[in-house]
Every structure is written in structure tokens, then in C-alpha cells.
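Thanks for coming, everyone. Please have the sequence and the model open, and we will walk through them together.

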Amino acid sequence: MTIKQNLTIAVLVVLDALASYWVGQTSQSWLPPQAAAEAILVDDLFRFLVTIAAFIFFGIEGTLLYCYFAFSAAKGDFSDAEPVEGNIQLEIAWTVIPVVLVIWIGAYSFDVYRQMNILGPMQVVHLHLPAGVEPAYAATPEAGNPPDEVIEVEARQAAWSFRYPAASQVTSGELHLPAGKRVRLAMRSADVLHGFYVPDFRIKQDIIPGRTIDLSFTPIRPGRYRLYDSQFSGTYFATMTADVYVDTPQAYRQWLVRAGAGQVPAPVPPASKIAEPSKVLNSGWPTVGPSPRQPEGR
Amino acid sequence: MVDVTSTRIGGEPGRPDPADWRRYFSFSTDHKVIGIQYLVTGFFVFLLAGLFAMIMRAELLTPASDLVDRALYNSLFTMHGTLMIFGWIFPALAGLSNYFVPLMIGARDMAFPRLNAISFWLLPPAGLILLFSFFVPGGTAQAGWWSYPPISLENPSGFWLNGQALWILGVAVYGVSSILAAVNFVVTIVWMRAPGMSFFRMPIFVWTTLTAQIIQLFGVPAVTAAVVLLFFDLTANTGFYNPARGGNPVIYQHLFWFYSHPAVYVMILPTFGVVSEVLPVFARKPLFGYKTVAISSVLICVLSFFVWAHHMFTSGTPDWMRMFFMITSMAIAVPTGIKIFAWTATIWGGKLRLTAAMHFGIGFVATFLFAGITGIMLAAVPIDIHVSNTYFVVGHFHYVAFGGSVTGIYAAIYYWFPKMTGRMLNENWGKIHFWLNFIGLNLLFVPMHFLGLMGMVRRISSYDPQFQPLNVVSSIGGFLLGVSTLPFLFNVIFSWTQGKKAGSNPWRALGLEWTTTSPPPVENFAEIPVVTGPPYAYGQTESPPLSESPGQP
Amino acid sequence: METPFAESPKSSATETDHQDLRLIGVTIFLLSESMLFLMLFVAYITLRLVTPRWLPIGFGGLELVQPAINTVVLVASSFVIYFAEKALDRHKLTLFRLLLLTTSAMGIFFLTGQALEWRSLPFGLGSGPFGGTFYLLTGFHGLHVLTGVVLQLAVLARSFVPGLYTAESHFGLSATALFWHFVDVIWLVLFGLLYLWR
């Protein structure tokens, strides 16, 4: 290769790197606010991945575009191209570099996941082992920060309810969380699979009926957010949302007091959610409607 | 070069007689008839399931659920997914492999022609069973194409003949068809190659068909087992998955994804093969790194069985499982990346003939690259926890299935249509089709990634107003994609009857399928050829003559 | 210049066409089939590991003696069909028919034993994961045994058609025997999982 070619390639690589750096920096704006400590970790990893992805993406798409215009055969040129069958060095390079990259991404992701520690020390035992084995997990001393708050979450078709052991077992239809404290949700499902998902927290966990599933995280940014059901759970799946409030510690304490006195919005009666606009096309098929049962404790 | 054109057997193959079309409705055992049966049946399902998708996109134009009722919406996405995968992409690829694998390896037919016909004729009943479920009391299955229990066990109509049961039956029949076809392909490719056609002289399309069908062979039984148990839970009150009866719903997820992730490779591997055929022909260059491309297909096949739980990072999976499957899922990107680099290097320095087939071939590489990149992001557990079950996954998957598989199928049709029918497709309409398709698919699926990052959950028929602008863009792309099938459809119909005569080798391609007539006679070759060289010897061997090559631009 | 293909010599070309690949096909199909059983086994093992109370209340465990006799008979029948094949190889047609008939009789004995066991059990298909997996696995295997017996009887009937089965070419018998060995091996795993695993 001539010096000129080398220089051109070097300039293009630098341009690609600059462009991908810029895209990486922009990636934060694609995501919702960082309302939990975990969101910062996830977003850093995302920015890193987007930067690398953009570098590869621009590099290859640019090459393809260049080929499309530069190597188009002239009209009437029916000859074959120079028969390059391969290039061992190049092939080794594009095998080894991705391997290294994958190991790097894997290690970084592992590290981020370890720091998030969302399943917590009381980790979900995936396949409940026979009774004799289970205490081994329970005996593990709690690593990291023990959760400051425990809130029970119950999911049933098209409705969420939250119970606060700290506020004399009161049940609420909206989730209040103290900012800056590690909370643990003890989640149960009354019927089918559900998923606890607050995009602003960047965390998501399926709730499997018949088990209590723990999820730990640290909300940091006061505000009002939205909780979605992330695992398809029936006809009225899309309506299964709830408000999530991250309160300052004082506001949270006040809320708990008011909650203890019964001054909180009740869990939204699921039946009221069926009041829907009329449709153009109706199948008339029978459905399992939102659960008519009210959550317990009220 | 063998000149087989002069020694035709089996009648006058170039000119189909008027009654000829009837054989496409018969229990023909000719692999070429069966191949076209697969492709045409698949395309009808594609149009239908595409229509379902367009109704969904229309519903998603507004945040409220105001076009179809929620049960129908759930039914539409369930049927859209099931039909597209089992009724369109699998059959279309099986059709291409059916038609071209015997030709490319120099065989007279598949190993078991009658079994081959049975495999095909199981498809129409399976599709009809699924469509019939629109008319049973409870409507179709509505639990998504995964049909996760316990939601799939609800059966709101309470009737024994319900959509979910029919869905299971339909999928099981599709499964039987796939297994029988897989046995046929594996035996054909391993034991029926022409003399001299060693493994490392096989075209990549044959390699990828072989690896894809090996996945079918060992994977389909898993999903069959999963749905058989689901069927008993649904109709016989057993307690395999139903927690209310002591079962465990997560076992279904494992069985289901053990097959259904490799299934994505069944859908993409053969199109990898198609692109590896198309690019060298129209770049007039050998495939770059033939051996590594072939071996990477085998690696993908093996690795694909060890990545399934990345669909379950947010299920009740323990930490060690999340980490193990993160590493394997990332590892599978390496052999996939090797292919993308090899294709790019193949067209680099080529003399590109930018035909419609070549457009789809390059377009495939361009869109599939994006799918691969978002795939790596999804493999990273912390990112996946945020975006799993959101539109990010929907966008990623459709980049694989549409940007990859469907684009690859189009490339194959533009490339091989002259061989299959003896006539050329109109190139200009082909390019119009390409651009409509390319713009439509990017418009449709790019916004989905952003919606997913913002937190829009999949499978919802109403959503927060903040998601509306991107959904509108996406829907417009969807309708454009619907429109893009029209030029293709008319082009195929018109060209099949009136198109320019193709001759036996319009693209001056190397490869055994081009040494026989277009369409090839029954039993393909007058004499079984002996293979003496590599498959993509462009520039190294004498290219087929220019005369009789109407495909030259 | 080098060309990738050459004119074929007449002899080698047609040989690949008429090669009998049917037994290979059956073998590959059985590989796929064993995957199906493997998945059912995995589902059974996992369910058993994660279910706190495995056996239905008031049920002590499965009876062992009758199933053990059944197992011995089924395993023995695999040897009998092997000798039937050998007999055909040595042109002893009568012995071959006798042995084949014995095999199917042993298969029917097995099926009868299974049916009797099913009738005597105090739990049903709906009795939790234990009842479900037990009936599903034994039933699914039983269907395979039944298929094997039907195939054997079909081969037996066809052996009376002159010239259909020769010592050199008897695909039907080979496939049936292979299938029978397969059903046998599956049963051994099943016996271990369902009866011996306490």
C-alpha cells in the first residue's frame, strides 16, 4: 500500500471514531431520566456499547456504500474482477478483534451487573432445590447494602397493589419510594406471569405465580414515573400500569404516616379500566377481564 | 464446462404446456415442483400475515385502543408471529433449498421424493388449522407466539375446541413437516453429492441449508415436547406448567426457547447462503474466505443451542445463568461477524453488476449488520434487563427476520427466478421494489428501537401519548412495506408468462444449477457432472459465454 | 484453463442415484425422535427436582415387580428380533417368521402389563406433576411400542409376498428392528427415571 492510501485510511478511521464518539454521547438522550442508581450504571454501559457499535456500523456501511458507487462495472465491461480468494492476515484480524471485543464487553457487562445486584443477596433460586439444599442460600450473609425498605408488590391481571409493612400493612394503588435508600420489593403474582418494569429505573423482573421474587434497587431522583407490566398477561395487559413516586425521605415519611391513617388512593378498581373508546372492529370474543377480586388487606 | 443443454431429457422443459400449471396442485414428487409449491404457498401466508401487521400498525397510530378490540389485537400479533415464522419464512427457505440444493450438488432429486411431497402437503392443513381458529367461539390463540403458560391456559370461552388448542395442533403439524424435511435435506446433502463434490467444494447455500436443517432436526422436537405438555395442561388439567396445579411455567420457557432461539438461525442461515451465492456472481469475484464462511456456519449451528436463556434474562433466572448465556450469546456474534466482513471484502474491488438481485444482496448485508449490532446489545444482561419485552426487541427481531430473512429471500428470487421459470424478471421494477422495501423497512423498524429504549412495552394495543410520534413514523413505514409487495407481485406474475427468455445461464454464473436448462428437466441432469474445482472460481476459470446471457446489464 | 466441472464417467454417476439411503433416513429420524424423548425426560427431571411434594398424598410409590418383569421381556424381545434378522440372512424363512411373531407377542405382553398397571394406580393424569409426567411418559412410550408391534406384524405379513424380502434386501425388517431397539433403549431410561429413582 502506498503512503497516500495509508493516510486516507487513517483519516477515515479517525473520522469514524469521532462520529461514533459523538453518537455515543448522544445516546443518553434516547433514554428516559435516570431515576435510580442502577440507571446510571446501565446508561454508562449503553453509551460504551453504542460507541463501539457506531464505529463498526459506520465503518462497514461506509465501505458498502463506497463499493456500491466505486466498483460498479462500466457499461459493456463483461470481464471478471481480480480473483482475490482471501487474506489470512485479514481473516485472523477480523476474528481475533471481535473475540477480544466480545470478552471486553462481556467483562464490562458482568461488572455492571454485579454492581447493580438487583436480585440482591436473597437471590431467586431459579429451580427451587429440594428442601435440604435451600437453607444454604438463606444462610449466606447479606453482602453489600442491606435494603432499607421492604415493600410487598402484588400483581394481578390489570392491577398492581403495594403493601407497606412499615406503615401498618396499608395497601396502596401507587408505589411510593424514598429517594436515596435501597428498597427491596417482595413481588408476588396472583394469577399469571407479570413483569415489573419502570423504564426510568432501567430494571425489569418477571413475577412468577407461586413464588416471592425479590428485586432491589436504589431510587435517587424524586419525581413521578410509570410502572408497566412487561410480561404479557392477558386481554387488558396494556392497561396494567401504575404511578410510581420517588419522594424525598421527609415526604416519604409523611406519606407513610398519611397512609397509616388511611389517606391514600386505593388500588385502582380494575373494573373501571374497561371503560374504553368504542372500536371500529369488534371480535366479540369472550375474554378474561381484569380480575374482579380486590387485593387483600383493604 | 459440461454442455447439458443439448441433451434434454424428460420432454420439452423450456416451454411448459398449457396444462402444466396443474402439476403445482398435485402430489408431485419432483423437488422443483415442490420447491415452487413451498414458495408460492409461503408467499400467500406472507401477504396475509403482513395484512395482520398492517392492522396492528393502524391501531398503533393513536395511543388509545380504538380500531380493534383488545382480544382481536392480541389475536393479530399472535397469528402474525406464528404464521410469518412457521408459514412463510420456514416454507419459503425450505422451498429455495428444495429447488436448488439437489441442483447445486448435482443430484437428480431429493433423497426421499415422496417424503418430500408429504412434508409440503402437511403445510396447507397446518395453516388452515391456524386460520380456522378465527371462527371458533373463543377466537384464535391470544397469548403471543410464545404462548407462555399460564396465560395461554386461560381459555376464556371454556370450550374444548379453542384457539389455543388449534394453535398447538397447527404448530405441531408444522413441526412434523419440518422434521421430515430436515431428515430429507440432511440425507440428500451428506449422501447424494455428485462425484468430486467434497464438503469444501459445496456452495455456501448448501452448507447453510445443511446447518439450518441440523438445527431443525434437533430443535423442533423440543418445541414439540413443549407444546404437547401445554396441550395436556390446557385440555386434560395436568399440572406441568400450571402453578395452580403444582407445575412450573419456567420449564415451558426453557423448552420453548431451546428451539425457538436456534429457529432464528434456521431463518437466517439459508439467507446467508443466498447472499454468499449472489455477491460473487455479480461482483465477478470469488467469495472472500470461502472456508471460514463455511466453518462459521457450522459454529453458528453448534453455538445456537447454547444461547436460549438470553430470552429469559428477566424471568426467574439466577445470576450464574444470566452470565453464562450472556457470554455464549456474545460469542455467536463472532462467526456472524466473520460472514459480514467476508461479504464486504467480496464486493470490495469487484466489478459490480448492480442488478435487482445484487441490490437485495448488498441491502441484506447493510440491514443485517444493524440487527447483529443490536443483538450484541441485547446479549449484555444489564441492557437486556432494560429493553427486553420492549419494542427494542421487536425492532431487533424484525431487522433479522425482515431485513435479513425476507430481504435474502427476495435476493434469491431475483437471482434464481430465471432458473425456476426460464424467464427474466423485469430489472427496473425489481429495483423499484428494492428501494420501496429498503426505505419501508428502515422507516418501520428503526423507530421501534427508540420506542423500546424509551420504555414502550411490546404487545400493547394502547400506549402513553409520549410514544405517538415515533409510532406514526413506524406505521407509515409499515404501510409502505405493504405497498412494496405490489410491484414484486405484478413483476412475478407478468414475467412468469411474458418475461424475456432467460436461457440456461443469464448471469454467467458458475455453479451446477446453471449448467442445465431453465427450468431444469425432470431429474435435472442428463449426465451427473463430476466436480473438479471450487464453487466460486470467478476470474480464475473461463466464465460462461456472453451469448445467451440476457441478464447482463 | 481449469474448469470446475468435467464430463462424468458413465459408471460412477448412476451409482449415487440408486444407493439405498432409506435406513440412513430412518436412523436420522430416530435421532430427532430421541431428542423429543430427551426433552420430555428433562421436563420430568426438572419438575421432579422443583416440586416440593412429588408423590400424591397417600401414595407410597410405584410397584416395582411387575414393571421389572415387563422390562426384562421388552429387553429380551430386542434380542429376539436381532436373531430374526440373522435368520433371514441365513435364508431360514420359517425360523425368521417364528422369531418375529415371538417379538410382537413379547411387545403385546409388555403393553398388557402397562395397561394393567395403569388400571391399578390410585392417581390420574390430573394428579399434579407426578401423575401427569407418569402417564404422559409411559403413554407416549407405549404408543411407540404399539407402533413397533404393528410394524412387526406388517413385516410378517409382507414376508409372505414372494421376493419382497431377501437376505440381501430387507429394508422393512431392518427399519423395524432398529425402531424396536430404539424403543427398548428409551424404556430402559424411562424405567430408571420413573421406577428406580426413589
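Start in chain B. Which residues does B:Ile204 contact, leaving aside its neighbours within four places in sequence? The answer is B:Gly273, B:Ser276, B:Glu277, B:Leu287, B:Val293 and B:Ala294. Remember that this is a predicted model.

Now place that residue. B:Ile204 belongs to helix H6 of chain B, residues 204-235. Is B:Ile204 buried or exposed? Count its neighbours. There are 26 C-beta neighbours inside 10 Å of B:Ile204. The cut-off for buried is 20 or more. So B:Ile204 counts as buried. Next, pick out B:Gly42. It is 162 residues from B:Ile204 along the chain, and the two C-alpha atoms are 23 Å apart.

How far does the predictor trust this chain? Chain B averages a pLDDT of 92. In chain B, 95% of the residues score at least 70. Look at residues 1-19 of chain B, though. There the pLDDT stays under 50. For that stretch the model has 31 contacts beyond four places in sequence.

Next, chain A meets chain B. How many residues does the contact take from each chain? It takes 85 residues from chain A and 91 residues from chain B. Several elements of chain A supply at least two residues each to the side that touches chain B. The helices are H2 (37-70) and H3 (88-116). The strands are S6 (194-198), S7 (203-207) and S9 (223-229). The largest share comes from H2(A), with 14 residues. What is that side of chain A made of? It divides into 52 nonpolar, 20 polar and 13 charged residues.

Stay with S6(A), one of those strands. Which way do they point? A:His194, A:Phe196 and A:Val198 point one way, and A:Gly195 and A:Tyr197 point the other way.

S6(A) has partners. Five bridges join S6(A) to S7(A), and the two run antiparallel. In that pair, A:His194 stands opposite A:Ile207. The hairpin of S6(A) and S7(A) has four residues between the strands. There, A:Arg202 takes a positive phi near 60°. S6(A) also runs antiparallel to S9(A), joined by two bridges. Here A:Tyr197 stands opposite A:Tyr228.

Chain A also has an open sheet. In what order do its five strands lie? The order is S3-S2-S1-S5-S8, with mixed pairing. Which strands stand at the edges? They are S3 (170-172) and S8 (213-217) of chain A. Each has a single partner strand, so one side of each is left without a neighbour in the sheet. From one strand to the next, the twist averages 25°.

Zoom in on one pair. S1(A), residues 149-156, and S5(A), residues 183-189, pair in the parallel sense over seven bridges. A:Val153 stands opposite A:Met187 in S5(A).

A word on confidence in chain A. Its mean pLDDT is 84, and 84% of its residues reach 70 or more. Two stretches stay under 50. One is residues 121-144 of chain A, with 28 contacts beyond four places in sequence. The other is residues 293-298 of chain A, with 11 such contacts.

Last, chain C. It has six helices and one strand. From the N terminus on, the elements run β-α-α-α-α-α-α. Of the 198 residues of chain C, 31% count as buried. Take the contacts in chain C with a separation of 6 or more. Residues 24 or more positions apart account for 78% of them.

Which residues of H3(C) are buried? They are C:Pro67, C:Asn70, C:Leu74, C:Ser77, C:Ile81, C:Ala84 and C:Leu88. What covers them includes H4 (93-120) and H6 (171-196) of chain C. After H3(C) comes C:His91, with a positive phi near 60°.

That is the tour. Questions, please.

How values were computed:
Residues are numbered from 1 along each chain as its sequence is written. Chains are lettered from A and ligands numbered from 1 in the order in which they are written. This is a predicted model: local features need pLDDT of at least 70, side-chain atom pairs count only at pLDDT 80 or more; totals for chains, interfaces and linings use all residues. Two residues are in contact if their C-beta atoms, placed from the backbone, lie within 7 Å. Ala, Val, Leu, Ile, Met, Phe, Trp, Tyr, Cys and Pro count as nonpolar, Asp, Glu, Lys and Arg as charged, and the others, Gly among them, as polar. pLDDT is the predictor's confidence in each residue, from 0 to 100. A residue is buried if 20 or more other C-beta atoms lie within 10 Å of its own, exposed if 12 or fewer, and partly exposed in between; C-beta atoms are placed from the backbone. Two strands pair if DSSP finds at least two bridges between them. Axes are lines fitted to C-alpha atoms, for helices over the stretch in contact, and angles run from 0 to 180 degrees between N-to-C directions.
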